[in-house]
Amino acid sequence: MLFPDYRPRRLRASKGLRRMIRETQLSPDDLILPLFAVGGRSVKNPIDALPGQFQYSVDNLVTPAREAFAAGVPAVILFGIPERKDPLGTSAYAKDGIVQKAVAALKNKLPELVVITDVCLCQYTDHGHCGVVEGNRVQNDASLELLARTALSHAAAGADMVAPSDMMDGRVAEIRDMLDENGFSHTPIMAYSAKYCSAYYGPFREAADSAPKFGDRRTYQMDPANALEAVREVTLDIEEGADIVMVKPALAYLDIICRVRQEIDLPLAAYNVSGEYAMIKAAAKMGWLDETDVMLESLTAIKRAGADMILTYFATKAARAVA
Ligand code: PBG
Ligand code: ZN
């Protein structure tokens, strides 16, 4: 069928017709809100590079979680900012660590909220790397046990799901074994499988105080130029026992989301990262674009590319906008 018989504009003529032929529907169910937990009481520190986002003490954390849940967002993912850092990141797997306390508080007040925890060492190590450092090298195998202990301590504190973001080889299998051996075979793993070494994480590192003190993360996070490798990483994590796999960041990596979607049949998450949020916020503040419209267009694009769920600092706002 060709013009003038076929006229694509016919089905764009009214709001009702456009609703009927819309292929992608963003739903609050798709969204996961990242939250930052910090020590102290009554703390709500604004994060400069993430306008509208805060570091919350455990007593204050329930408020944004409740708002998200009330807006229809089913889940949050927790990041901790500990009081102490050391070479082995011991407060990451301390029983009374910041994330462990935050999980317990959230599950106590909001039992139906799905509480996911980010599992990594970089916020907890004094050198800021995601694994153990020996002689200026990030040691893969020595990091695995610490990551698995961290995941177990989160599950023991009540986490509904653990999400390793470190990019060490073999960590999903190690975490799966540790959970299974300790009575947490029911706890799912959301693996940051194709996590790129991205400059878009800049604002997050300020928010979580997790920038590496020397070097960079290129020896463990993926080279942004690689796509086939993303499929390989995702496949490995699935073989190791991941229940949900993730591509991160999202907007500069829509092709990766699309490729991975075609290769796998597991639920796929995408992380609309801090820099992606900050760019929209900054341009909107300047009056250069409409924040709500660009937010919804971006999140819809991530879903259209193939993501089943989206981690985004816009979660509460977006859920309200599409409700
Ligand atoms: C830590 C971690 C990072 C993010 C999530 N977990 C930063 C990093 O790898 O340096 C990035 C999130 C964001 O930018 O929003 N491993
Ligand atoms: Zn890390």
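This dialogue reads several features of a predicted model.

Trainee: Start with the metal. Which residues coordinate the zinc ion (ligand 2)?

Mentor: Cys120, Cys122 and Cys130 coordinate the zinc ion (ligand 2), each through SG, at 2.2 to 2.3 Å. Along the chain, the donors follow the spacing C-x1-C-x7-C. Cys120 and Cys130 are ten residues apart, and each of the two lies in the loop between strand 5 (114-119) and strand 6 (132-134). Both Cys120 and Cys130 are buried.

Trainee: What is the geometry of the site of the zinc ion (ligand 2)?

Mentor: The general idea is to compare the angles with an ideal. For four tetrahedral donors the ideal angle at a metal is 109.5 degrees. Here the angles among the four donor atoms of the zinc ion (ligand 2) are 99 to 120 degrees, and the site is tetrahedral.

Trainee: With which residues is Gln123 in contact, leaving aside its neighbours within four places in sequence?

Mentor: The contacts of Gln123, with those neighbours left aside, are Phe79, Gly80, Pro82, Lys85, Asp118, Ala208, Asp209 and Ser210. For a distance across the model, take Gln123 and Glu297: they are 174 residues apart in sequence, and their C-alpha atoms are 32 Å apart in space.

Trainee: Now a helix. Which residues of helix 5 (residues 171-181) are buried?

Mentor: The buried residues of helix 5 are Arg171, Val172, Ile175, Arg176, Met178 and Leu179. To read such a list, look down the helix axis. Seen that way, the buried residues of helix 5 fall within an arc of 165 degrees, so they line one face of the helix.

Trainee: What covers the buried residues of helix 5?

Mentor: The cover includes helix 4 (140-157), strand 8 (161-164), strand 9 (190-195) and helix 7 (228-240). After helix 5 comes Gly183, with a positive phi near 85 degrees.

Trainee: Which residues other than glycine have a positive phi?

Mentor: Among them are Ser42, with phi near 55 degrees, and Met167, with phi of about 70 degrees. Ser42 is in the loop between strand 1 (31-38) and strand 2 (44-46). Met167 is in the loop between strand 8 and helix 5. Ser42 counts as exposed, at 56% relative accessibility, whereas Met167 is buried, with a relative accessible area of 3%.

Trainee: Next, the backbone at proline. What is omega for the peptide bond from Phe3 to Pro4?

Mentor: That bond is cis, with omega near 10 degrees. Pro4 belongs to the segment before helix 1 (15-21). The peptide bond from Lys248 to Pro249 is also cis, with omega near -10 degrees. Pro249 sits in the loop between strand 10 (244-248) and helix 8 (254-263).

Trainee: How many cavities of 30 Å³ or more does the structure hold?

Mentor: Begin with the general idea. Rolling a probe the size of a water molecule over the atoms shows where empty space is left. This structure holds two cavities of 30 Å³ or more. The volume of the largest cavity is about 170 Å³. This cavity is lined by 20 residues, and those closest to its centre are Cys122, Lys195, Tyr201, Phe204 and Lys248. Strand 9 and helix 6 (202-208) each supply at least two residues of the lining of the largest cavity.

Trainee: And which residues lie nearest the centre of the largest pocket?

Mentor: They are Gly52, Gln53, Tyr56, Glu67 and Thr316, out of 21 lining residues. The space in the largest pocket is about 340 Å³. Two or more lining residues come from each of strand 1, strand 3 (54-57), helix 2 (58-70), helix 9 (274-285) and helix 11 (315-322).

Note on methods. Residues are numbered from 1 along each chain as its sequence is written. Chains are lettered from A and ligands numbered from 1 in the order in which they are written. This is a predicted model: local features need pLDDT of at least 70, side-chain atom pairs count only at pLDDT 80 or more; totals for chains, interfaces and linings use all residues. Side-chain values use heavy atoms; hydrogens and water are left out. Buried means under 20% relative accessible area, exposed over 50%, partly exposed in between (1.4 Å probe, protein chains only). Helices (H or I, at least four residues) and strands (E, at least two) are DSSP runs, numbered from the N terminus. The arc is that of the directions from the helix axis to the C-beta atoms. Contact means heavy atoms within 4.5 Å. Donors are N, O and S atoms within 2.8 Å of the metal (3.2 Å for Na, K and Ca); water is not among the atoms, so sites may look incomplete. Four donors count as tetrahedral if all angles lie between 85 and 135 degrees; four count as square planar and six as octahedral if opposite donors are over 155 degrees apart and all others between 65 and 115; anything else is irregular. On a 1 Å grid over the protein atoms alone, a cavity is a set of points where a 1.4 Å probe fits but cannot get out, and a pocket is an open set with protein on both sides within 12 Å along at least five of seven lines; lining residues have an atom within 4 Å of a point. Grid points are joined across faces, edges and corners, and a volume is the space filled by probe spheres set on the points.
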